[in-house]
Amino acid sequence: MKPSINDEQFDMENGKLDKNREKIPSSSSIRVVKVQNQALLSGLGYCLSSCSMILVNKFVLSSYDFNAAISLMLYQNLISVSIVSILSLLGLISTEPLTWILIKVWLPVNVIFVGMLITSMFSLKYINVAMVTVLKNVTNVITALGEMYLFKKHHDSKVWTALFLMIISAITGGITDLAFNATGYAWQTLNCFLTASYSLTLRRVMDTAKQVTKSGNINEFSMVLLNNTLSLPLGIFLVIVFNEVDYLLKTPLLRLPSFWMVITFSGFLGLVISFTSMWFLHQTGATTYSLVGSLNKIPLSVAGIFLFKVPTSLENSSSIFFGLLAGVFFARAKIREKSQS
């Protein structure tokens with residue numbers, strides 16, 4: 001389970017739709033401990049956990065050279081399912097029971113969810129963090145086009161201007177990328193389409209799912225549990241199909257305690273993002289949440305370049321920075337558009 005890396009639409013790793021951010025979680029879905037400066041603490045927690053998740057995944061896939069991305073996703077999702085289930089049993093959070101009717105409704109979007117996670121893992125292995133962040137902006141373009149054709153939703157000129165700037169930054173970033181990898185870019189392109197498809201499909205599936213739940217609603221923890229639980233059998237099937245079993249039996253990495261600590265930590269981070277994002281939204285609002293999500297990409301990109309010693313040039317760095325600013329401009333344009341409507 002990992003962060004989504006498209007902050008304007010939803011957190012990919014947790015499968016949260018943007019419109020859910022406007023809904024403040026009720027006290028029945030999570031119990032928040034009363035502390036001072038909750039907005040600041042929740043914001044810092046959200047920023048640190050979301051940045052750390054991507055950097056840790058990059059570290060596992062590239063620095064450790066771990067060639068079983070699907071198995072990594074499977075392990076992270078298993079941790080998420082275990083923790084959410086334990087918290088639900090303890091009564092700390094509320095989740096909807098997983099009925100066969102709900103599973104049948106949710107299964108199609110879950111297939112897209114799994115594909116989104118896997119392609120994100122594959123692209124992150126071959127492309128540096130900064131370029132992945134910029135390329136993910138293309139998801140916004142695909143989503144906007146999908147909204148226009150599927151839901152007849154029209155965007156104003158500032159939104160389309162921001163989307164155009166995102167496309168330009170992605171193209172110039174790819175052209176000037178000194179570590180360009182065609183395989184990584186292909187996986188990231190597929191990831192953008194799957195992420196946009198997930199966002200667009202989730203809207204309809206959620207409305208249907210609410211009708212078959214006992215409470216008539218489906219909170220974020222139920223979505224995390226549902227998505228990650230259904231991903232386990234599909235993940236096991238894909239591990240077998242992609243022949244990762246042989247690699248897992250041979251790799252010496254699984255005999256390293258430090259490696260297990262890192263991948264277990266990544267699983268915890270995925271769930272921490274769910275908690276801190278809900279907490280942060282509860283303490284601030286959709287506007288602050290969206291802007292912080294966009295601004296958060298800037299230190300993430302810088303950290304990715306320096307921590308992994310990515311070869312870069314002035315042209316490539318400028319393209320990345322231009323893309324990040326376009327992301328912030330897009331977030332502001334969407335907020336203004338929403339307030340006017």
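1. Helix α1 spans residues 38-63, 26 residues in total, and reaches 35 Å from its first C-alpha to its last, close to the expected 38 Å. That expectation is 1.5 Å times one less than the number of residues; helices are DSSP runs (H or I, at least four residues) numbered from the N terminus. Just after α1, aspartate 65 has a positive phi of about 55 degrees.

2. This is a predicted model, in which local features need pLDDT of at least 70 and side-chain atom pairs count only at pLDDT 80 or more, while totals for chains, interfaces and linings use all residues. Residues are numbered from 1 along each chain, and side-chain values use heavy atoms, without hydrogens and water.

3. Rings of Phe, Tyr and Trp (its six-membered ring) pair if their centres lie within 6.5 Å; planes under 30 degrees apart are stacked, over 60 edge-to-face, and the rest tilted. The count comes to nine aromatic pairs. Tyrosine 64 and phenylalanine 259 form an edge-to-face pair, at 5.1 Å centre to centre and 80 degrees between the planes. Tyrosine 64 lies in the loop between α1 and α2 (69-89) and phenylalanine 259 in helix α10 (residues 257-283), so the pair ties together parts 195 residues apart in sequence.

4. Tyrosine 64 counts as buried at 19% relative accessibility, and phenylalanine 259 is buried at 0%. Buried means under 20% relative accessible area, exposed over 50%, and partly exposed in between (1.4 Å probe, protein chains only).

5. Phe59, Tyr64, Phe66, Tyr247 and Phe259 form one aromatic cluster.

Key: Helices (H or I, at least four residues) and strands (E, at least two) are DSSP runs, numbered from the N terminus.
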